[in-house]
Amino acid sequence: MENAPTFRETAVELFALRDEAGPILYAPLGQLMARVNESAASCALAYAADHAVLAKMSADERAVVDELAAHGFFDEQPLPQGDGAFQPTQVTLFPTNRCNLRCSYCYAFGGEGGASGEPLVEMDPAVARAAIDLVAGNARTLVDEGNDVRSFIVSIHGNGEPFCAFGLMREIVRYGREASERVGIPVVFNTATNGVLTDEQLAFVAENFDSVNFSFDGLPAFQDANRPMAGGGGSFAAIDRSMRALQEAGVPFGIRTTVTADMVKRMPDIVAFVADHYPAAEQIHFEPVWECGRCTTSADAMPGAAAFTESYRASLAVARGRGMKLVYSGARQDLVCDAFCKVGNGGFTVTPSGDVTACYEVSYSSDPRSRRFFFGRYDVLAGRFVFDRKKLAELALLNVRNYPYCRDCFCKWHCAGDCAAKVLDGIAPHEHAGSSRCEVNRALTLDQIRDKLDWNPPEERGNADDR
Ligand code: SF4
Ligand code: SF4
Ligand code: SF4
């Protein structure tokens, strides 16, 4: 499997959560959950901590323990563990740091060369080709070794707008297909764009990409205010035109909306607007803005945790009614993992200048965080990438096992310590102290558990409706 977690250790982990209906026992590793009474919750926690307490329990308490044990609540479950070997079959290419927008909260100061105003550059095509050769070659090797690898993946976005380097985008896709034929393994192309695209670029997207994401702030006024054109003026008309064009071409896409404090109450309206105007949008990914990059120089502020949570809940109700999927990165109860993203496995992202970073948000050598996240670069003389194995070993520590703060959190194997770039800025893993996102992550993950507990099969819903 591509970058699939392996399972080497086991543990019993049990949490007692609460909502207005009472306690919920939750075993995250096996994703088991049950509504119980207070006494059963106490018995279960005591037994999970020390099986010897069984001898002191009453017959009723033992019956509770037996019942829960029969459902696997006390079973040792495998602990997820990222694949230690750095052998990527996926690369993310940042073709350029140029940008035709000047978003007020851009984490990368797109179009301005980062916080330090580094030169605006375009990736050397030789760098892109070498990166593709590397992941295609790894995919071939892994298949030959009997691994279940079905494709190699080339994702294109950036610390700028990738389509500002359209010629290079074409070359990346051409070469990716050539490499695919050479190694006999399919290539998957993904891209994320600000949507200010020409007709030619839209046709290219429709023809070549397996997945497309638009960064769109959801309502025309927000889009125009937060994501202005580099030369001034709003960008809504341009992105609206692009999304409609892909829709007419029958190409589905996703939308990523960055939520500021000013926008938070309007999240349900955003869902309704998108559902009304862009039925080809398969999902909306809401992410509260993080105060970094250009956001530190603008009036944009992060929404409060409670406000975001409440508005997300209201948005979910609208989305469900419209058949649309809603996503927030910190709430993912379906996923059992030990790291929030691929950063600990050396996510292979190549910046326009040929540096290799594990983190999308750290793309300039002048960024102090590059000391942690940069772990290689393209060697022009050797014509290949060279990697710093010591840095990779340090990156491998960026997982929830090394965050004491997360030890007693029921989200620890889902949120897995959240985004390392955000919560570990300038500190060691053991100094992780959470963030305001924790409140959101826990509340929305608990909602997902409650949804599963309260879910009725359609036939039961039908019977209930008939009564
Ligand atoms: S489009 Fe993307 S890279 Fe460009 S300014 Fe906006 S957020 Fe930054
Ligand atoms: S550390 Fe955070 S910003 Fe960096 S790639 Fe992972 S999720 Fe993205
Ligand atoms: S404590 Fe916060 S960062 Fe850690 S797992 Fe829980 S929600 Fe995530």
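**The shell around ligand 2**

Guide: Ligand 2 is surrounded by F340, C341, C359, Y360, E361, C419, A420 and A421; a residue counts as near a molecule if one of its heavy atoms lies within 4 Å of it. The model is predicted, so local features need pLDDT of at least 70 and side-chain atom pairs pLDDT 80 or more, while totals for chains, interfaces and linings use all residues. Residues are numbered from 1 along each chain as its sequence is written, chains are lettered from A and ligands numbered from 1 in the order written, and side-chain values use heavy atoms, without hydrogens and water.

By class, the ligand 2 shell holds seven nonpolar residues, no polar and one charged. Here Ala, Val, Leu, Ile, Met, Phe, Trp, Tyr, Cys and Pro count as nonpolar, Asp, Glu, Lys and Arg as charged, and the others, Gly among them, as polar. Domain 2 (90-387) and domain 3 (399-450) each supply at least three residues of this shell. Those bounds come from an automatic or database domain assignment.

One of the shell residues is C419. C419 counts as buried, at 11% relative accessibility. Buried means under 20% relative accessible area and exposed over 50%, with partly exposed in between (1.4 Å probe, protein chains only). C409 is buried too, at 13%. The disulfide count is zero, taking a disulfide as a pair of cysteine sulfur atoms within 2.5 Å.

Compare ligand 1. Its surroundings are C99, L101, C103, C106, G110, G160, N194, R227 and R294. That shell divides into four nonpolar, three polar and two charged residues.

Now to strand β6 (residues 90-93), where L93 lies. Strands (E, at least two residues) and helices (H or I, at least four) are DSSP runs, numbered from the N terminus. L93 is buried, with a relative accessible area of 0%. N159 is 66 residues from L93 along the chain, and their C-alpha atoms are 9.9 Å apart.

Last, helix α5 (residues 199-208). Its buried residues include Q201, L202, F204, V205 and N208. They lie on the same side of α5, because they cover an arc of only 160° around the axis, taken from the directions from the helix axis to the C-beta atoms. Exposed D199 and E207 sit on the face turned away from that buried side. The cover over the buried residues includes α4 (166-183), β8 (187-193), β9 (211-215) and α7 (236-248).

Note on methods. Contact means heavy atoms within 4.5 Å.
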